[in-house]
Amino acid sequence: MLSDELKTLAAPIVADICQHPFVTGLKDGKLPKEALITYVEQDTYFLTAFAKAYALALTKCPQRDAMLLLSEGITMSLIDESSAHRVLLRGTGALLEDLQNHPPRPETYAYTAHLLAVAETGTLPETIAALLPCPWTYEWVAKRLGEAITLGHPFYDWFQFYSPDSEDTDMAIVQSLFDLLDSQAVALTPAELQAVKAAFLRSCEYEWRFWDQAYHQLDWRYPIAH
């Protein structure tokens, strides 16, 4: 299965994500408030672009069931993930409503440009491959690092939201997207297959870079005045 091959190829990146200080800080329940605010600020921008990429993927779908699946991704990006953001902001003094109109920092800019370029010009399998690392790596983090998280942990609800075993989660979309990708892969040419792998791995690396940007509050060296 293509999905199994992609997961194997991305395993070193996922391992690095799980060891990143932002992610281990989530597990330990200790993160600087500046890192949390930067993350939410940038993820709000990212998810808006992510929803647009889902919408572009939807226009490439020949079947209604695939269209419905991708529409669920749009809803999750624009509405559902706000609850996870609010969990991270507890105790920071920041309000989600005040963080929703910030411009993209460098890694956010690059990641969203990558997603939208693939969604605009790539095949449906390539677009799905570019979209998948975001929900897949979050599910992986929640499952692998969240096993010991119990009620009372400051980020318990965050881990519950992204956990594939939670009754309240929308993360069942991950396996459905992998299934859709596998079903589409049988008709791919070697060149198209390589494009799918590249899109998936590039998005996986951008996931690591997104965590790193938030943890270090990385920004433009030469910002544009507004």
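How far apart are the mean positions of the positive and negative charges of the protein? The mean positions of the 16 positive and 30 negative charges are 4 Å apart. Here Lys and Arg count as positive and Asp and Glu as negative, while His and the chain ends are not counted. Each charge is placed at NZ of Lys, CZ of Arg, CG of Asp or CD of Glu.

This is a predicted model, in which local features need pLDDT of at least 70 and side-chain atom pairs count only at pLDDT 80 or more, whereas totals for chains, interfaces and linings use all residues. Residues are numbered from 1 along each chain as its sequence is written, and side-chain values use heavy atoms, with hydrogens and water left out.

**Figure 1. The overall fold of the protein.** The protein contains 11 helices and 0 strands; helices (H or I, at least four residues) and strands (E, at least two) are DSSP runs, numbered from the N terminus. The C-alpha atoms fill a box of roughly 50 × 45 × 30 Å along the principal axes. The radius of gyration is 17 Å, which agrees with the value near 17 Å for a compact globule of 226 residues. This radius is taken over C-alpha atoms, and the globule rule is 2.2 Å times the number of residues to the power 0.38. Of the 226 residues, 50% are buried, where buried means under 20% relative accessible area, exposed over 50%, and partly exposed in between (1.4 Å probe, protein chains only).

**Figure 2. The surroundings of threonine 92.** Threonine 92 lies in the loop between helix H5 (82–89) and helix H6 (106–121). Threonine 92 counts as buried because its relative accessibility is 8%. Not counting residues up to four places away in sequence, threonine 92 touches Lys33, Leu36 and Ile37; contact means heavy atoms within 4.5 Å. Its side chain reaches the backbone oxygen of leucine 89 at 2.7 Å.

Figure 3. Why does arginine 105 count as buried? The reason is its relative accessibility of 12%. The side chains of arginine 105 and glutamate 41 make a polar contact at 3.0 Å. A polar contact is a pair of N or O atoms within 3.5 Å; within protein, one must be able to donate a hydrogen and the other to accept it, and residues adjacent in sequence count only if both atoms are side-chain atoms. Leaving aside neighbours within four places in sequence, the contacts of arginine 105 include Thr38, Gln42, Gln213 and Trp220.
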